[in-house]
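Please examine the structure shown below. The paragraphs that follow treat its pockets and then the surroundings of its ligand.

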Amino acid sequence: MPDKFDWIAEEMNALQEQGFRSSIRTIGSACGAWMTVDDKEVLNFCTNNYLGLANRPELKKAAKEAIDFWGVGPAAVRSIAGTLELHRELERRLAAFKGVEDALYLQSGFCANQAAIPSLVGKGDVVFTDRLNHASIIDGCRLSSAKVAVYEHCDPQDCERVIKENLGGYRRAMLITDGVFSMDGDLAPLDRLQQLCERYGIVSMVDDAHGEGVLGRGGRGIVDHFRLSGSFDLEIGTLSKAFGVMGGVIAGRSAVIDWIRQKARPFLFSSAVTAADTAACLAAVDLLEAGTELVEKLWENTRYFKEGMQRAGFDTGASVTPITPVMLGDASLCQRFSRRLFDSQPGVFAMPIGFPTVPQGKARIRVMISAAHAREDLDLGLEVFARVGRELGVIG
Ligand SMILES: *Cc1c(COP(=O)(O)O)cnc(C)c1O
């Protein structure tokens, strides 16, 4: 008899042949500018640790103290017995940080989209969504059963066309966009999208996962960057990137957040985030509110690295954020480039990204800059990139 899972071996072989099979590296140290990856100490350009908070003493101390007081797990979902004072405190602090009425803290940014979208739209409604929106938005839309109407990437004109084409046929409408697009580091035209939502009476929602702690005054995010505080209906965020910890957030008007507390399945049917994570997030908010040095350092590092790469002859694409794509075009060249970087002395850890994550012919190495990088780290990174670039004939 054939094995029930023979099909997996076949599919795996197909992935391997097409070059889509990912091998997963194992990390052997805390997240920082340098990390142990597959037993080798390398310069890290892969994590979303924008502000270097993932291993910051203040956050670790808060987490340890929270464990001593609260224990390790709440053993309940938020709606039954899992809502700790810490959760409510974090929600109030995040709302104040963003200048909105209320916020809901969830297990992850991924969960936040699963929670927000199906609570607000359903069968008979329509969602306008950017072609390159994150997978968690796509899945949230699917779960909602609303009609999904896709507009071209960062194109308000096309968005208006799609709105006009669909609006009449549906009960309620919502527009959802990523704030920062994670593969190119470009920004949604939030001001123009907001005007469209205003004009047509559409609920506006932005997923600011890569903008929080990065954009806006003191890292208050993309809505603050565009000076749209108070006029964007919903902000989705994550505490797992710049905040360095774990969790997601939905921020907006209290009536809307209250409704989501009644309806959202990740809130009702999956256990609450631990006290340790929540306390560490609170310590991150403390740091962000105490000063803007970390955010400034992140941007200073970003400018320094991008200029260095451009001077060396690399194409850093359309990015206007610390996400720095190094455009190489060919997917197999990218794979080789990334492997060479890793095997260099010192090793440099930066991911190759190819089709189907980005379009054919647009393969790139993605460099994630952090405030945790010292100037010498960036210089070393630039030196290794230039060496590998010359060896592989990418630059002269
Ligand atoms: C990373 C990311 C998420 C997921 O956040 P997690 O907290 O890691 O689950 C959601 N949306 C966008 C746009 C992201 O970039």
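**Pockets and ligand site**

Helix H14 supplies six residues to the lining of the largest pocket, the largest share of that lining. The model under discussion is a predicted one. Two or more lining residues come from each of helix H1 (6-18), helix H14 (331-343), strand E12 (351-353) and strand E13 (363-368). Sorted by class, the lining of the largest pocket holds 17 nonpolar, twelve polar and four charged residues.

The second largest pocket has a volume of about 390 Å³. It is lined by 18 residues, with Leu132, Met183, Asp184, Thr357 and Val358 closest to its centre. Domain 1 (22-50 + 292-391) and domain 2 (56-290) each contribute at least three residues to this lining. Its composition by class is eight nonpolar, five polar and five charged residues.

Attention now turns to the ligand. Around the ligand are 13 residues, of which Gly109, Asp207, Thr238, Ser240 and Lys241 come nearest. This shell consists of two nonpolar, eight polar and three charged residues. Ser240 places a polar side-chain atom 2.7 Å from an oxygen atom of the ligand. A polar backbone atom of Phe110 lies 2.9 Å from a ligand oxygen atom, and an N or O atom in the side chain of His210 lies 3.3 Å from an oxygen atom of the ligand. Of the 380 Å² of accessible area that the ligand has on its own, the protein covers 85%.

Methods. Residues are numbered from 1 along each chain as its sequence is written. This is a predicted model: local features need pLDDT of at least 70, side-chain atom pairs count only at pLDDT 80 or more; totals for chains, interfaces and linings use all residues. Side-chain values use heavy atoms; hydrogens and water are left out. A residue is near a molecule or strand if one of its heavy atoms lies within 4 Å of it. A polar contact is a pair of N or O atoms within 3.5 Å; within protein, one must be able to donate a hydrogen and the other to accept it, and residues adjacent in sequence count only if both atoms are side-chain atoms. Accessible areas come from the Shrake-Rupley method with a 1.4 Å probe; for residues, only the protein chains shown count as cover. Ala, Val, Leu, Ile, Met, Phe, Trp, Tyr, Cys and Pro count as nonpolar, Asp, Glu, Lys and Arg as charged, and the others, Gly among them, as polar. Helices (H or I, at least four residues) and strands (E, at least two) are DSSP runs, numbered from the N terminus. On a 1 Å grid over the protein atoms alone, a cavity is a set of points where a 1.4 Å probe fits but cannot get out, and a pocket is an open set with protein on both sides within 12 Å along at least five of seven lines; lining residues have an atom within 4 Å of a point. Grid points are joined across faces, edges and corners, and a volume is the space filled by probe spheres set on the points. Domain bounds come from an automatic or database domain assignment.
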